[in-house]
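Here are my notes for your review. Please read them beside the coordinates.

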Amino acid sequence: MSALLDIKDLKLGFNTLAGYVDVLKGINVSIKPGEKVALVGESGSGKSVTARIILGLLQEHRDALVSGDVQFNGQNINTLSPKDRASLRGKDISMIFQDPTSSLNPVFTIKKQFLEVLSRGDEKLSRKSRVDRATQLLGTVSITDPKRVLNSYPFQLSGGMNQRVMIAMALANHPKLLLADEPGTALDVSVQAQTLSLMRDLVTQNNTAVLFISHNLGVVREFADRIYVIYKGNIVEDGPTHCIFNNAQHPYTRALLAAVPRITGTGLPDVPEVSDEFLAPYVGHMQVS
Amino acid sequence: MSILSTDLLSKNFDTPAGSVHAVRNISLDIQQGECLAIVGESGSGKTTLANMVLGILAPSAGEIYFDGELLPSKRSKVQRKAIQLVQQNPLSSLNPKRSVGASVRLGLDTYNMGARSNRWSVVEHALESVGLPSEMRHRAPSTLSGGQRQRISIARALACEPKLLVLDEPTSALDVLVQARVLRLLNELRKERALSYLFITHDLAVVRNVADRVAVCQAGEIVELGDTEQIFTAPEAAYTRSLISAVPVVDNDEMALRNKLASRE
């Protein structure tokens with residue numbers, strides 16, 4: 001099966017007051033239709049900018065220099081016109097952010113925001129059918145009183161509720177690719193666990209491909225089919241989830257795995273925050289497909 | 001000997017929609033040198049409890065004893081100095097306009113500790129004790145990494161020579177590798193200085209590895225309180241089990257523990 005998203009030798013740099021900063025140093029990532037892929041790394045490793053390049057946002061940034069290939073569904077996002085890129089966003093590619101409450105607009109009701117998302121998918125849809133569709137979609141994310149939620153402002157709902165609204169909105173127009181940037185990190189663990197399993201079920205039903213961005217390997221274990229580990233702008237290791245968890249080879253991946261505190265109480269590991277070993281060459285696991 | 005104990009501590013907030021019981025009749029104690037963790041979801045009352053212990057909020061009912069004496073609603077400098085706080089987000093809890101050294105020194109000036117001429121060297125010593133170079137005192141918080149900033153927050157609290165540290169989600173804003181280092185540092189400091197910790201967090205995996213005892217809070221009440229080992233291997237409350245089983249796990253031993261707890265539901 002050919003890839004839905006195929007990133008080849010992607011480089012990114014910023015011109016800043018302090019000079020040129022190298023952020024991505026030539027990364028390769030590919031995602032098949034319906035595949036759930038995680039991109040894991042620490043803050044500053046380049047994971048969020050990768051998502052913003054896929055959305056076509058950084059290509060339009062004055063001080064950002066993007067090079068390489070970002071093939072999405074047969075077109076190169078890097079060379080598309082700004083207008084064509086904009087038409088992908090919210091339809092073929094959508095995104096869920098870390099803090100659901102601050103990523104929804106506080107001055108509009110959920111209804112107003114949801115209807116806008118739906119008319120982006122189909123301009124001809126009548127208001128009534130959009131309201132019906134929004135109500136039905138909120139049902140799919142286990143919201144039992146969609147009417148109340150639609151008439152609420154984001155600050156009147158809990159973080160978990162807003163997160164589910166975000167998921168429903170992001171999947172409303174049947175995107176081919178969903179970008180999830182640290183979804184639910186701002187939420188309680190139990191709420192995060194519920195919303196992640198909900199999201200996993202929905203994307204599986206809709207055959208939506210997902211790029212799941214996180215700094216915590218533990219969070220992606222039950223979600224992802226495949227994992228890319230990114231460190232300082234380079235992919236250092238990638239492979240199927242079970243390979244990464246059972247047979248990690250790269251020193252950085254091993255450190256990331258060791259550093260996660262265990263509920264079995266095995267103590268706090270003595271791993272360094274930074275080490276020259278983390279700069280070891282890339283390790284790829286055999287693709288079983 | 002217990003360093004802190006609370007007796008039927010409660011806090012109500014009056015809102016237009018009626019009275020909200022944020023904390024209800026919480027009685028607990030922390031022994032000298034102990035780390036007691038308070039876990040619960042947002043809204044369970046853990047931060048309200050911490051604010052009462054710190055004297056930021058006055059309890060609606062109940063009493064707080066520290067080092068054997070009843071803490072009054074208006075505390076003396078000596079009493080305030082003895083209980084210090086490390087907050088969740090070091091970027092917003094350090095003054096961006098002040099050098100980190102000046103932030104660390106503020107407590108020394110406030111509580112009039114030692115000779116004025118000696119205070120900068122106390123600051124430098126505090127920075128070294130958390131593994132930072134003493135020259136760092138001239139830097140602004142914005143030039144430091146998240147882990148360095150959180151070490152500054154810890155140094156700031158320790159410079160006041162407290163007996164009890166209240167740690168409110170001290171590592172939840174940090175990367176996992178940085179979190180592991182900061183938690184190790186906190187463990188070492190507690191042993192070296194015979195400090196006591198009130199450790200507030202929603203991360204049970206962290207609790208398992210740092211706390212001696214755990215209090216599980218739900219809707220302002222303690223639903224379970226016990227030794228860490230016992231809470232994780234044989235939790236009594238269904239709520240505790242559900243919290244533990246929501247923790248993302250990395251290895252097969254953890255998975256086995258989670259499945260064992262889930263089968264008891």
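1. A:N73 sits in the loop between β4 (64-72) and β5 (75-76) of chain A. Helices (H or I, at least four residues) and strands (E, at least two) are DSSP runs, numbered from the N terminus. A:N73 is not a glycine, yet its phi is positive, about 55 degrees. Most residues other than glycine have a negative phi. A:N73 has 16 other C-beta atoms within 10 Å, so it is partly exposed. The cut-offs: buried means 20 or more other C-beta atoms within 10 Å, exposed means 12 or fewer, partly exposed is in between, and C-beta atoms are placed from the backbone.

2. The model is predicted: local features need pLDDT of at least 70, side-chain atom pairs count only at pLDDT 80 or more, and totals for chains, interfaces and linings use all residues. Residues are numbered from 1 along each chain as its sequence is written, while chains are lettered from A and ligands numbered from 1 in the order in which they are written.

3. Chain B has its own case. B:E169, not a glycine, has a positive phi of about 50 degrees. B:E169 lies in the loop between β7 (164-168) and α7 (176-193) of chain B. B:E169 is partly exposed, with 18 C-beta neighbours inside 10 Å.
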